[in-house]
Amino acid sequence: MEEDGFYRKQIQKRLNCNHNTIIKWGKIGFDNPRAFLEGVRTGRPEVSRNIEKLVLRKRTNKSFSLRKTGLQLGISHTTVKNILNDAELKWKVRPIATKLTVNHKKTRLKFCEEHKDQNLSWWDKILVTDSKVFLLSGGRNPKHHGRWVFDSEELDLWEVDKYSKGLHVYGGMTSKGLSQLVFISGIIDGERYVNEVLPILTDVQGRTEVTDDITRTSLFDDNEDWIFEQDHATCHDSNVAQEYLRQSVPDFFNKNEAPAKLDDLWCIERIWVVVANKVYGGGQKQPKSLPALKRRIIEAWKSLDSKILRKTVHQMPLRAKEIVKRKGGRFGSFKQHCKCQLCVE
């Protein structure tokens, strides 16, 4: 059909086959159908199984690179990449985390050993709080700003301010609901934290009814029996803040009880990621002003599903056990989930 002047797309349509089949027929030759049926290779040459094993073994090295591995094994970097693709491996960027000292690991290990066997009802009693800064520029996330192009010249620039404006937000969560958000501008010290943030985060006494609004529903089974958690920001560890919590909440982790850098344990860190994806992701345009950014944050906060809150809270004891297993060290992706009836439904 090619000799009769038909294009390959016309041949493909007439024979009802895909484009790769036509190309393969052309490479093998139309006069040798047996070779085609027996699966004669027409693409890249086969690589020995030993080389494949070496590539898969080397990929775990921190200094692993495609070109360096190819030179060491006498193959091209493209072949190395194809071996990794054939093994169904995916390229993932390593998440950034602050470095842990020996003392950090010891305190993390001690805390998690003490609480890893607590039942779920104990974890349900914790009001986990944290703050996050949302920038107008949205932060550089390649997933949100990637483009499919033939050449880099087609890419438009992503222009951001050198010092982007943003909003500093405080929030808290339990397995049942969320606190009201607190927006802070400027530098926050112990006095401002006590006067502007803590009264809103700890205001749970009036929330006695279960409602569909997770920012107004009851947060605890017993409003006289719950635990306040916060990180070790300077204003949080100030004497005035610690004294306020002693007088205002039933119980809390004081600055000497809960260790620093437990972001891979506390559930609110996962909730901030979901909120950020709702604020910046989904192909929507970036907010142009701080009021528009504030509206998005509030909408994203209120739109969270109560099932997500419960699952992230009930995952904490599993995360505590993983930290103990790693002797206080960090871990990245964590795929274990609670198997209780509420989480499975």
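Q: What covers the buried residues of helix 11?
A: The cover includes helix 10, strand 4 (227–229) and strand 5 (251–252). Helices (H or I, at least four residues) and strands (E, at least two) are DSSP runs, numbered from the N terminus. This is a predicted model, in which local features need pLDDT of at least 70, side-chain atom pairs count only at pLDDT 80 or more, and totals for chains, interfaces and linings use all residues. Residues are numbered from 1 along each chain as its sequence is written, and side-chain values use heavy atoms, with hydrogens and water left out.

Q: Which residues of helix 11 are buried?
A: Ala 241, Gln 242 and Leu 245 are the buried residues of helix 11. Buried means under 20% relative accessible area, exposed over 50%, and partly exposed in between (1.4 Å probe, protein chains only).

Q: What makes up the contact of helix 10 with helix 11, by class?
A: From helix 10 come Gly 190, Glu 191, Tyr 193, Val 194, Leu 198 and Pro 199, which meet Val 240, Ala 241, Tyr 244 and Leu 245 in helix 11. Contact here means heavy atoms within 4.5 Å. By class there are 8 nonpolar, 1 polar and 1 charged residues (Ala, Val, Leu, Ile, Met, Phe, Trp, Tyr, Cys and Pro count as nonpolar, Asp, Glu, Lys and Arg as charged, and the others, Gly among them, as polar).

Q: Why is Thr 217 called buried?
A: Thr 217 has a relative accessible area of 3%, and therefore counts as buried. Thr 217 is in the loop between helix 10 and strand 4. Beyond its neighbours within four places in sequence, Thr 217 is in contact with Lys 176, Gly 177, Arg 207, Glu 209, Val 210 and Thr 211. One of these, Arg 207, is 10 residues away along the chain, with 6.0 Å between the two C-alpha atoms.

Q: Why is His 314 called buried?
A: The relative accessible area of His 314 is 4%, so His 314 is buried. His 314 belongs to helix 14 (residues 306–314). Not counting residues up to four places away in sequence, His 314 touches Leu 120, Asp 124, Cys 338, Cys 340 and Cys 343.

Q: Why do the buried residues of helix 6 line one face of the helix?
A: In helix 6 (residues 77–86), the buried residues are Thr 79, Val 80, Ile 83 and Leu 84. Seen down the axis, they fall within an arc of 140 degrees, and therefore line one face of helix 6. These buried residues pack against helix 4 (49–58) and helix 5 (66–73).

Q: How many residues has the largest nonpolar core?
A: The largest nonpolar core has 42 residues, and Phe 134, Met 173, Leu 265 and Trp 266 have the most contacts inside it. Such a core is a set of buried Ala, Val, Leu, Ile, Met, Phe, Trp, Tyr and Cys residues joined through side-chain atoms within 4.5 Å. Elements that each supply at least two residues of this core include strand 1 (126–135), strand 2 (166–173) and helix 12 (268–280). Helix 12 gives the largest share, 7 residues. Another core lies apart from it, with 20 residues, among them Val 197, Val 204, Phe 220 and Val 249.

Q: Why is Lys 261 called partly exposed?
A: Lys 261 has a relative accessible area of 28%, so it counts as partly exposed. Lys 261 is in the loop between strand 5 and helix 12. Its phi is near 60 degrees, a positive value in a residue other than glycine. Most residues other than glycine have a negative phi.

Q: Is Lys 327 buried or exposed?
A: Lys 327 has 61% relative accessibility and therefore counts as exposed. Lys 327 lies in the loop between helix 15 and helix 16 (341–344). Lys 327 has a positive phi of about 60 degrees although it is not a glycine.

Q: How many helices and strands has the chain?
A: The chain has 16 helices and 5 strands. Of its 345 residues, 36% count as buried.

How values were computed: The arc is that of the directions from the helix axis to the C-beta atoms.
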